[in-house]
2 protein chains.
Amino acid sequence: MNEPVYNFGAGPAMLPAAVLEQVQGELLDWQGRGISVMEMSHRSADYMQIIAEAEQDLRDLMHIPANYKVLFLQGGATLQFAMVPLNLLRGHARASYVQTGIWSEKALQEARRFAEVEIAASNADRQARLVPPQSEWRVSQDTAYVHIAGNETIGGVEFDFIPDLGDVPLVSDASSHILSRPVDVSRFGLIYAGAQKNIGPAGLTLVIVREDLLGHAPTNTPTMLDYAVQAKEGSMHNTPPTFAIYVAGLVFKWLKNNGGLQAMAERNQRKAALLYQAIDASGGFYSNPVEARNRSWMNVPFFLKEAGMNGAFLQEAEARHLLQLKGHRLLGGMRASIYNAMPEAGVQALVDFMRDFARQHG
Amino acid sequence: MNEPVYNFGAGPAMLPAAVLEQVQGELLDWQGRGISVMEMSHRSADYMQIIAEAEQDLRDLMHIPANYKVLFLQGGATLQFAMVPLNLLRGHARASYVQTGIWSEKALQEARRFAEVEIAASNADRQARLVPPQSEWRVSQDTAYVHIAGNETIGGVEFDFIPDLGDVPLVSDASSHILSRPVDVSRFGLIYAGAQKNIGPAGLTLVIVREDLLGHAPTNTPTMLDYAVQAKEGSMHNTPPTFAIYVAGLVFKWLKNNGGLQAMAERNQRKAALLYQAIDASGGFYSNPVEARNRSWMNVPFFLKEAGMNGAFLQEAEARHLLQLKGHRLLGGMRASIYNAMPEAGVQALVDFMRDFARQHG
C-alpha cells in the first residue's frame, strides 16, 4: 500500500515504521553474520550484546535505579497476575488491590488463588469513570503490597498520581502506558508490562522489580515463576524470547533517538488532546465517559450516539486506512489506541474522518 | 554473505531459508493489509486464520488424533517441567521419570517440587550412553504418568522405541526431535516441545495433549499454567506469541511442501548417517560415545582426540561458514545440531571440513 495505514489496535499494536524497516533489512543477515537474530544462540556473544543493550537502553530511558532488576519474561500480564502474589506475599496472608476496571479486576481474581485479597478502593460504584483518589483508599497495615493497573486498556482510565504507601510496596500493571511518559520508578516496588502495546511483539513481558522483593517465593513455586531465579540468571534460566527482545531493543533505541520519554510525553499529550477535543466538540455525536483527569493518553474508548452506526463507522474508517478501531467486546463502541508508535498525523487523520462521518450521518 | 552459511546451533537454531525469505518479504505488509503480522490483533479474522492454519497443518503433518488438543504456549520446555506435574498428577502422589541425560534430569528435579518422583530407569551408571531398554524399567502401579526426554539435546541420546505403559500416560519432552520423523501420537498422553529447534522462533512452546488428561489441575494453579484453560480458549486466554506462531505456521507449510515427515525422516537419517560415519571412520580423531541404536538424528555431540585443538577447530570451521559447533558447556567438545532446516549440503560441508581438519592436525 502506498497511502499511510494507521493501526489503532490495542495490542498487538502498531510498531514504529523505522523499527520494522530495520527488522526487515537485517532479517536474513544480522550485521554481516549471515544468520537471522532468530537463529542465534541466546548465549552467543552477539546475542548477549543485544540483550545487554536492550536492558541498558531501557534503564537509560526510564532512569531505572541500580537496586532494581530488569527481567525479560514470558506469559504476558496475565501470568504476572499469579507471579506477583507468588513472589511478593513474603509470608503475609493479605494483598491489596485497587479496582479501576477490567484488568485490575482480572489481576485481583487471579490473586485470590494465592492470597486474601483486600479491595483497597474501587470505582465500580461510579461506572469505572475515574481513579479513586488516595484519600478514599483503605489499606491494612499487614498487607503484602498494593496493586494497581496504571492504565486500564479497556476502560481508558489512567492514574493521574502515584500513590504514597510508605513502606508497603506498590505494584503496577503498566502494560498499556509504560514508556509513554517519564515515571519515577523508585516509587514502585514492581512494574510489569506485556510488550505488545508500547514495547514490541507479543510474547515478551517486562518486569522491573526492587531487589529486596526477590527471594521470597515459596519452595513449591515453579522455577520459571520465581523472579529471583530469573534475576540471578539474567532472564536466561532457559531460552528467552530472543527475537521479541531484539525488536524491543530496537524500539528502545528508537525512543532514545526521538527524544526519550519527555518528548514522547509531549507528543502523546498533544495526540490525546486532539482526539478528546474532537469527541467533546462533536455535540454528543461521539462521547467518552471518563473524568478529565483520568482520561488515558494511550487508549481512548468512545461511543457513537447511535450504536447502529458502528458498522458503517468501522467500514468507512477502514476504507480510509484507519484500522482496528472496534472497541473491546466487553464495552462495545470504538477504541483508538494511540501508543508511542502512532504518529500525530494518524490521530489527525482519525479526527478528520470522525468529523466527516459525523457531518454525513449526524 | 554470498557463500552459504550453515548454522549448527542447538537452539535457537537454523530456520528454513524459504521461510525466512517469506517472513522478510511480508514483514511490513502481510498480504496487502498494510500492517505487519506483529501488529495484528490476535482476535482479528486474519490472525485467527493464521493460527487455525498453523494448527491444522501441524495436525496434518503429525496425524494428530481428534481427541488431542494442540496448544501454543510460552515458557519453553522448562515451564512444562512444572506444568506437567501440576496438571497430570490427577490426585496421585507419585510420578515416574526415565533418566537419560541432562534434560530429563532437569525435568525430574522440577517435578520434585510437586510430586514424589520415582526414577523408573536410568542410564547414569552407563555414562548416559543409551536409553535403558524397557525390560529394565520399574514403574509403580499408582504412578500418575511416566516422563521421558525423547531426544536428549545435550547428550545426543534418542529413544529408538515408544514405551508401552498400558493405561499409564506417557509424557515426552520432544523439544529437539519433534517433526523430525513420523510418530504415533496416540501412544502418548502428552508431547511438549520448545519451538526454537525444529518449529520456529524461541518464545513458543507446543503442547499436544490427550483430552481426558485436562481439567485436573488443583485450584491454586496459576490460570496460565492450566492446560484446560488454554485448551478451552484456543491458546488465547491472553495474547499468545503471535509472530512466533506465524513463523511456526510457515515452517509447517514448508514441511508439507517438502514431502512431510516421512521425507524429513529419510533426509534426516541420511544426514545423521553421513556425520556418524565421518566420526567413526576418523580413526579416533573424532569420537561419539552413544550406542548406535540411540544415536540422535538431530544432535550429534563429538569430541576431538585432543581437547587442545577445539579452539582451532571452531575457528577454522567458522572461516568456512560452519557456525555454532561448540559443544554444550556441561559436556565440552563439539555438537552439530542438524535439524530439519539443515540441508544435506550443510552436513556434507561439515564432514568435508572435518576430514580436512583431521588430515592437517592428525
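This note goes through the predicted model point by point.

1. **Ground rules.** This is a predicted model in which local features need pLDDT of at least 70, side-chain atom pairs count only at pLDDT 80 or more, and totals for chains, interfaces and linings use all residues. Residues are numbered from 1 along each chain as its sequence is written, chains are lettered from A and ligands numbered from 1 in the order in which they are written, and side-chain values use heavy atoms, with hydrogens and water left out.

2. **The two chains.** Two copies of a chain are related by a rotation about an axis and a shift along it. Contact means heavy atoms within 4.5 Å.

3. **The annotated binding site.** An unreviewed UniProt entry places the feature "binding site" at A:A77, A:T78, A:W103, A:T153, A:D173, A:Q196, A:N238 and A:T239. These positions span 163 residues in sequence, and the farthest two C-alpha atoms are 30.5 Å apart, so they do not all gather at one spot. From this set, A:N238 belongs to the lining of the largest cavity. A cavity is a set of points, on a 1 Å grid over the protein atoms alone, where a 1.4 Å probe fits but cannot get out; lining residues have an atom within 4 Å of a point. UniProt positions follow the numbering used here, feature names are shortened, and annotations may be inferred rather than shown by experiment.

4. **A:T153.** This residue sits in the loop between β6 (151–152) and β7 (157–158) of chain A. Strands are DSSP runs of E with at least two residues, helices are runs of H or I with at least four, and both are numbered from the N terminus. A:T153 is buried, at 6% relative accessible area. Buried means under 20%, exposed over 50%, and partly exposed in between, with a 1.4 Å probe and protein chains only. Beyond four places in sequence, the contacts of A:T153 include A:W103, A:K197 and A:N299.

5. **A:D173.** Strand β8 (residues 170–173) of chain A holds this one. A:D173 is buried too, with a relative accessible area of 5%. Residues up to four places away aside, A:D173 touches, among others, A:A77, A:F81, A:H147 and A:Y192.

6. **The annotated lysine.** Which residue carries the UniProt feature "modified residue: N6-(pyridoxal phosphate)lysine"? The unreviewed entry gives A:K197. A:K197 is in the loop between β9 (190–194) and β10 (205–210) of chain A. Its relative accessible area is 14%, so A:K197 is buried. A polar atom of the A:K197 side chain lies 3.1 Å from the backbone oxygen of A:A10. Among the residues that A:K197 touches, leaving out those up to four places away in sequence, are A:A10, A:T153 and A:Y339.

7. **B:N299.** This residue is in strand β12 (residues 299–304) of chain B. B:N299 is buried, with a relative accessible area of 0%. Its side chain makes a polar contact of 2.8 Å with that of B:N151. A polar contact is a pair of N or O atoms within 3.5 Å; within protein, one must be able to donate a hydrogen and the other to accept it, and residues adjacent in sequence count only if both atoms are side-chain atoms.

8. **Backbone points to check.** Most residues other than glycine have a negative phi, and most peptide bonds are trans. The peptide bond from A:G11 to A:P12 is cis, with omega near -10°. The bond from B:G11 to B:P12 is also cis, with omega near -10°. A:H63 is not a glycine, but its phi is positive, near 50°. A:H63 is exposed, at 67% relative accessibility. B:Q127 has a positive phi of about 50°, and is exposed at 56% relative accessible area.

How values were computed. On a 1 Å grid over the protein atoms alone, a cavity is a set of points where a 1.4 Å probe fits but cannot get out, and a pocket is an open set with protein on both sides within 12 Å along at least five of seven lines; lining residues have an atom within 4 Å of a point.
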